[in-house]
Amino acid sequence: MDHSRERQGLEPPAQRRCALLLTGGGARAAYQVGVLQAICAMRRVHQPHDSGAPFDILVGTSAGAINAAALACGLDEFDATVEQMASIWSGFEAGQVYGADLLSVLRSGARWMGLLSMGWVLARFARIKPKSLLDNTPLAELLQQWVPLERLPGLIERGTLRALAVTASSYQSGRHITFFQGAPGLEPWVRSQRLAVEAPITHTHLLASSAIPFVFPAQELPIQQGREYFGDGSMRQTAPVAPAIHLGAEKVLVIGAGRMSEPRTYTPSPSAGDYPSLAQIAGHALSSIFLDALSVDIERVRRINQTLHLVPPDLRAHSPLRPVELMVIAPTQRLDSLAAQHADALPAPVRRLLGALGVSSGRSAAAGGALASYLLFEAPYTQALMALGAADAWAAEAELCAFLGWSAPDAAPPPRIERRRDPLRV
C-alpha cells in the first residue's frame, strides 16, 4: 500500500484546506467506502469532540464521482452519510446498477454481441445501433434517491463544502472536462486537452463520469453554448490530482481503486501461454484507463514537492507552484483476483453474456477477473472490497491521523465493522 506523504515546508495540517480525491473503477469503488468507514471510526477514537467533516473539497471520477457527490450532499453529517453509503454498497445487487435480468441483457448485451457477429454491413442494413453492452437505467433511478444534489447550494453557502468536482471525457471534442460547483471566487482553468467548467452538478454529470466505455451509454451534457456526449472521466485523464489543487486544496487524500504498483518479483499467470480472451483484453484496457494516469500524476506531484523544498522561500513566493501534502491509500491486493473469487455471484444472464467474452468462474476465472472486477456489483464482492479498504486504512492509522491533524493514536486493534448481508432497497 502506498500511503506516502510530503510535508516539507508545510503548515500544520489543521490550518490547511483538505481535499478528498476518489478515483474510478466501477464496482471497485466499494473499496473507498471501507476506507471512509475506518476514518470515521478513527475520529471517534482519537478526535471524539470533532464532528465536522475532515474534507471540504471533494473530487471524483467515474464511480468515485458518485461516491464524492453522495458524500458532498451529506457533508454536514459526515459519519451518518458514510454509514448510508456503506449500507448501499454492502447490499448491492447488479440489478440496482444495470439491467441484469434476461430481457434487459437480450435488449442491450445480446444486440451488441450480435453487432460483432453480424458485421457492420449487416448491422447497418438491420438498423442495429446498440449504445452499450449494459443498460444503466437502474443506476439513474438509484441516484435520484441516493444523491440529493439540491442540498449542495446550502452546504456551499454555509461554508461546509468549498467545492464538488466531477470529471468526464467528451467523445466529440476529445477534451477532458472537470465540472465543478463551489464557493464564489473559484476560477475555471484551461490546460492542454482539459478544462474546467463551473456548472450545477446534476445526476447526468454523475452518469456521464461513470459511463465505462462500451459498457455503459454515453450521456449528453451542455458545454460552452453547445452539447456533447460524454463518457467515463478516467479516459484521457492526464492529471487526476490537478482539480483538487486548482480548487484550493493544500493537502489531498487520494483513495485509489487498484494497486498503485506491482510486486518486483514476477509470477507467471496460469494462463500465460494462452491467447488472451476478449475479457482479458478489455480488462487490461480498463485497468490502463483507470490506474495508469493516477500513478504518473502522483509521481509528478511528489517531484514538484521535492523541487519546491529546495527553492528558498523568497523565490518560491514568485512561483505559481506550491507544495501539496499528499497521502495515498490504495488496495494491497489485486482486485481482479478478488473479483474472480466472487464471479459466481453475478446474475445468470450477465454471467452468460460475460462468459461469451471470456469471463469464467472457478480456478480459470483469474484471466477475466479484471473485467469482472468493474461490473461485479454484488454484495459478496463489494463487502470484501469494503473489508479490504478498512483493513488498509487501519494499517495506515498513525499516518492518517497525522495527515488529518488528529492526536497520535495508541496501538489498538481496529473495531469490527458490521456488514449487512441483505441487499438494501432504496
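Gly369 is part of helix α14, which covers residues 369–375; helices (H or I, at least four residues) and strands (E, at least two) are DSSP runs, numbered from the N terminus. This is a predicted model, in which local features need pLDDT of at least 70, side-chain atom pairs count only at pLDDT 80 or more, and totals for chains, interfaces and linings use all residues. Residues are numbered from 1 along each chain as its sequence is written, and side-chain values use heavy atoms, with hydrogens and water left out.

**Gly369**
- Gly369 counts as buried because its relative accessibility is 1%, where buried means under 20% relative accessible area, exposed over 50%, and partly exposed in between (1.4 Å probe, protein chains only).
- Leaving aside residues up to four places away in sequence, Gly369 touches Asp336 and Ala339; a contact means heavy atoms within 4.5 Å.
- Between the C-alpha atoms of Gly369 and Leu335 there are 8.0 Å, although the two residues are 34 residues apart along the chain.

**Helix α3**
- Helix α3 (residues 78–90) has 13 residues and spans 18 Å from first C-alpha to last, close to the expected 18 Å, which is 1.5 Å times one less than its number of residues.
- The buried residues of α3 include Phe78, Val82, Met85 and Trp89.
- Among the elements that cover the buried residues of α3 are α1 (30–46), α2 (63–73), α6 (137–146) and α15 (379–395).

**The whole chain**
- The protein chain contains 16 helices and 10 strands.
- Of its 426 residues, 56% count as buried.
- Among contacts in the protein chain with a separation of 6 or more, 78% join residues 24 or more positions apart.
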